[in-house]
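Subject: Structure for your review

Dear colleague,

Please find below the structure that I am handing over to you. I would be grateful if you would read the notes after it alongside the sequence.

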Amino acid sequence: MIRTDTIEPQNENKTVEEEKTDSEVADGATDEETKELKEREYSHPVYKQIAFLNGKINSYSKAELIKNLKMLKLDTDGSRSVLAKRLKTFYKKTMLNVSGIQEQNGSSKIRILFDFYVIIDYEATCELLRNSDFKQEIIEFPAVLLNCQKGEVQDEFRSYCRPVLNPLLTEFCTELTGITQNDVDTAPLFTEVLTSFEEWLQKKKLGTKYSFAIVTDGPWDMGHFLKSQCALSNIEFPTYCKYWINIRKTFSNFYNTGKLPLSTMIQLIGREFQGRAHSGLDDARNIAFIVQRLLKDGARIIFNEKLVEGNARRRDDGNPFFSAPVHNTEFKAIQGKFRPNFPQRKSSKI
Ligand code: AMP
Ligand code: MG
């Protein structure tokens, strides 16, 4: 995916209408919780009390938030928005428990909706001057496997891929990603790497014994890089990548921060970026830190984007990406029914 401040990370070329639609996406959203509280306003007095308390917490300074969290023996890492959300979640959970209310959608509990998250962050060939005629090819395929119940990273997958259309990396690309000419010259082709990745998933019993979801930062990894690479390699787009979690959206909706690049999200959770930005594996590891924090803070980390056929949206460099929001009702409809398969892949020249 493309991120950093160099490329419209905040609005992804969206119209105001689209932004509105996105805010309805069920990411454990602040907006959604407000809506939920409103809907239940008269169903039980506790919802009014929670809404009142939320308003009070919103007015707290960072120091006051830290003081309260400390008293409750809760983590005090993170920015004001992150701390406020943590405190609100704690009180909501406690007040609902005390009132004997069983949350219908479990939103006051830690939400384990998948057994594993598979965090992917592709790197691709690129040029200094962006040009929509330049066909980007995936050159690094990293994945981090996060056990949701334990909140722990259990394994990693990484392979470089040998580009075919532009086998020579630009100096800019090597500088940006840290990927050398030798790394890609000695690497297998994309289709072979995808097959190894799928073997790794199967070895972990993902898609069979355990459920999993792909997590990325932004819509581009699945909606652009994988989509165009599969077309180029003449293979089917993997079914298990047709829905994914755009963590940037989840983060923005949960902590009410607006969409932010990875480096800023990392800062807001009170950590430092580990490793090298734009190294696919390091990016994926840092995304994993964000997922771990969101899980701990009780966010509902569910599919919020999907692949669309046709109707591409445009990046600022003119390249299309094919993604659309997934709404709560759609997630509920597909939850548990979405069984990925791993097709036998024919070897390809690309
Ligand atoms: P990222 O995940 O942000 O490291 O970006 C994924 C891919 O997007 C990179 O491997 C590049 O191909 C491309 N990219 C990211 N940032 C830039 C940039 N500033 N200029 C050109 N291409 C970029
Ligand atoms: Mg990256």
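This is a predicted model: local features need pLDDT of at least 70, side-chain atom pairs count only at pLDDT 80 or more; totals for chains, interfaces and linings use all residues.

Residues are numbered from 1 along each chain as its sequence is written, chains are lettered from A and ligands numbered from 1 in the order in which they are written, and side-chain values use heavy atoms, with hydrogens and water left out.

**The chain as a whole**

The protein chain has 13 helices and 10 strands; these are DSSP runs numbered from the N terminus, with helices being H or I of at least four residues and strands E of at least two. Of its 350 residues, 53% count as buried, a term that means under 20% relative accessible area, with exposed meaning over 50% and partly exposed in between (1.4 Å probe, protein chains only). The accessible surface comes to about 16100 Å², and carbon and sulfur atoms make up 50% of that surface; areas come from the Shrake-Rupley method with a 1.4 Å probe, and for residues only the protein chains shown count as cover. Among contacts (heavy atoms within 4.5 Å) with a separation of 6 or more, 70% are between residues 24 or more positions apart.

**The metal site**

The magnesium ion (ligand 2) is coordinated by D121 (OD), E123 (OE) and D283 (OD) at 1.9 to 2.0 Å. Donors are N, O and S atoms within 2.8 Å of the metal (3.2 Å for Na, K and Ca); water is not among the atoms, so sites may look incomplete. Along the chain, the donors of this ion follow the spacing D-x1-E-x159-D. E123 lies in strand β2 (residues 123–124) and D283 in helix α12 (residues 280–296), so this pair ties together parts that are 160 residues apart in sequence. E123 is buried at 7% relative accessibility, and D283 is buried at 0%.

**Two individual residues**

V46 belongs to helix α3 (residues 45–58) and is buried, with a relative accessible area of 2%. Not counting residues up to four places away in sequence, V46 touches M95, L96, S99 and I101. Between V46 and K92, which are 46 residues apart in sequence, the C-alpha to C-alpha distance is 9.1 Å.

S159 is part of strand β4 (residues 152–160) and is buried, at 15% relative accessible area. With residues up to four places away in sequence again left out, S159 touches I139, E140, F141, P188 and V193.

Yours sincerely
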